[in-house]
Amino acid sequence: MECIEIRGGKPLYGTVKLQGSKNAVLPMLAGCILHPGVSRLEHCPRIRDVQDSIRLLEALGCRVWWEGSCLAVDASRICTWKIPEEIGARMRSSILFLGALLGRLGKACLPYPGGCVLGARPIDLHLEGLRKLGARIEESASCIRAEGERLRGTEISLRFPSVGATENILLAAVLADGETVIRNAAREPEIGELCRFLQEKGADIRILPEGEIIIRGSARLQDSRHELAADRIVAGTYLLAGAVTGGRVTVERMPFSHMEAVCEVLKETGIKLEKNGASLTADGSGGYCGIELLETAPYPGFPTDLQSPMMTLLSTARGTSRIRENIFESRFKIARQLQRMGADITLTGREAIICGIPKLRGAEVEAFELRGAAALVLAGLQAGGVTKISGYRYIYRGYEQIFESLKELGADIRQEPVSQRRAAFVKGLPEQAGTQSVTAKG
Ligand code: UD1
């Protein structure tokens with residue numbers, strides 16, 4: 001099986017520049033189809049989920065091209081409301097095209113979304129919200145069909161502040177008749193960013209301090225250019241990579257205001273954080289200690305996406321820690337893999353008890369999803385000896401050039417040659433003739 005080889009035990013030193021945010025760009029790519037014109041996304045990350053979204057947009061009839069690090073989408077000529085199974089089922093965010101297609105065309109047909117396996121990832125809140133707006137939705141074993149030529153604004157109270165459901169409802173409500181109010185909406189920074197992206201297109205959206213979102217449907221949207229915020233999860237991953245190796249890593253273009261909970265937790269472990277303008281340095285040379293209880297929670301709580309990388313850190317912290325995962329029930333899959341590397345972890349339901357050990361040992365392990373892959377890479381960097389990670393390719397879903405960046409920081413990583421298609425995408429080169437085109441300019 002294809003794997004990546006990490007010879008660990010080397011402290012990482014240096015500086016990393018952050019990519020644009022994955023969790024922000026994916027709903028925006030769905031939002032690009034809302035109007036028959038061009039949307040530009042600056043600092044768009046060249047990650048696999050974006051590559052898959054581009055394929056999806058092209059399958060709908062959009063023209064997509066790169067202008068340096070800016071991705072441009074022309075949705076003037078959408079020719080279908082059907083998302084092909086082989087494209088839609090590749091990623092979770094394809095579900096966001098349900099709201100966007102309903103808004104633009106009044107119809108949608110798509111497969112059940114794919115993405116990382118983190119336990120049950122229901123979409124009932126998405127469908128309930130869209131039904132309240134007037135969409136008729138039928139579910140069959142293989143696909144979701146929806147119709148609603150005239151969606152009408154209404155009040156929607158989410159029983160959980162689901163990020164995806166909030167995004168789907170927003171995308172559909174922008175072109176609905178009248179006013180939509182989303183109560184108990186998600187407050188993740190990516191929601192605010194999606195609202196700003198839609199406002200730049202001319203949408204009338206207000207976010208109230210109590211977390212309600214009010215959308216006044218508008219018939220006409222315009223071309224837009226949006227600058228993506230830096231990726232807060234990638235920022236956390238690199239800070240942890242520096243700390244877990246006992247090194248010192250600086251992250252530039254830090255989204256400080258979105259990372260308060262993460263910085264608090266890092267400080268609690270004793271990792272030294274130094275702010276310098278827009279940069280933050282994490283210094284793990286003095287070691288770090290465990291945390292009594294780390295709980296994941298909706299924003300502004302600690303993000304579930306950094307729970308696995310934290311598990312790696314706490315596996316080698318001084319003392320005992322407890323993690324409680326409140327968002328996804330199957331997000332402890334890497335515990336078994338870390339155990340193979342010597343970690344002392346006991347799982348009981350949604351909780352993990354971790355007794356820190358000084359050093360992990362290299363082993364053969366397997367990644368099953370994106371953030372778990374990142375966590376195992378951190379474990380490999382910390383461990384003595386060689387760690388071989390199969391399934392490591394999940395990391396490409398969310399991290400741009402991560403192995404190249406880690407090597408620049410001093411990591412010893414051996415990788416199978418990347419496919420020509422991926423190399424072309426990451427470097428912004430035209431793909432070879434015969435493959436689906438992602439045009440590169442500039
Ligand atoms: C979640 C994270 C988001 C992260 C993303 C990718 C939270 C609150 N959300 O977003 O920060 O970037 O994963 O890893 O941390 N749920 C339902 N019914 C639904 C939708 C969701 O019951 O229709 C439940 C889920 O089972 C889960 C919780 O709500 O327990 C969070 O789901 P949601 O925020 O929708 O997940 P994502 O949008 O995938």
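**View 1. The largest nonpolar core of this predicted model has 72 residues.** Within this core, the residues that have the most contacts are Leu 29, Val 50 and Leu 98. In soluble globular proteins, nonpolar side chains tend to be buried together. Apart from this core there is a second, separate one, made up of 71 residues, and among its members are Ala 235, Leu 239, Leu 306 and Met 310.

**View 2. Leu 98 and the residues in contact with it, leaving aside its neighbours within four places in sequence.** The residues that Leu 98 touches in this way include the leucines Leu 110, Leu 127 and Leu 130, together with Ala 108, Ile 144 and Ala 146. Asn 168 is also in contact with Leu 98.

**View 3. The ligand in the largest pocket of the model.** Around the ligand there are 18 residues, of which Asp 124, Leu 125, Ser 162, Asp 305 and Ile 327 come nearest.

**View 4. Polar contacts between the protein and oxygen atoms of the ligand.** A polar atom in the side chain of Ser 162 lies 2.5 Å from an oxygen atom of the ligand, and an N or O atom in the side chain of Asp 305 is 2.6 Å from a ligand oxygen atom. Pro 122 takes part through its backbone, where an N or O atom lies 3.3 Å from an oxygen atom of the ligand. On its own the ligand has 720 Å² of accessible area, and the protein covers 86% of this.

Methods: Residues numbered from 1 in each chain as written. Predicted model: local features only at pLDDT ≥ 70, side-chain atom pairs only at ≥ 80, totals over all residues. Heavy atoms only, no water. Core = buried A, V, L, I, M, F, W, Y, C linked by side-chain atoms within 4.5 Å. Buried < 20%, exposed > 50% of the residue type's maximum accessible area, 1.4 Å probe, protein only. Contact = heavy atoms within 4.5 Å. Near = heavy atom within 4 Å. Polar contact = N/O pair within 3.5 Å; in protein donor to acceptor, adjacent residues only side chain to side chain. Areas by Shrake-Rupley, 256 points an atom, 1.4 Å probe, with all protein chains shown as cover. 1 Å grid on protein atoms, 1.4 Å probe; cavity = no way out; pocket = protein on both sides within 12 Å on 5 of 7 lines; lining within 4 Å. Sits in = over half its atoms within 2 Å of the grid points.
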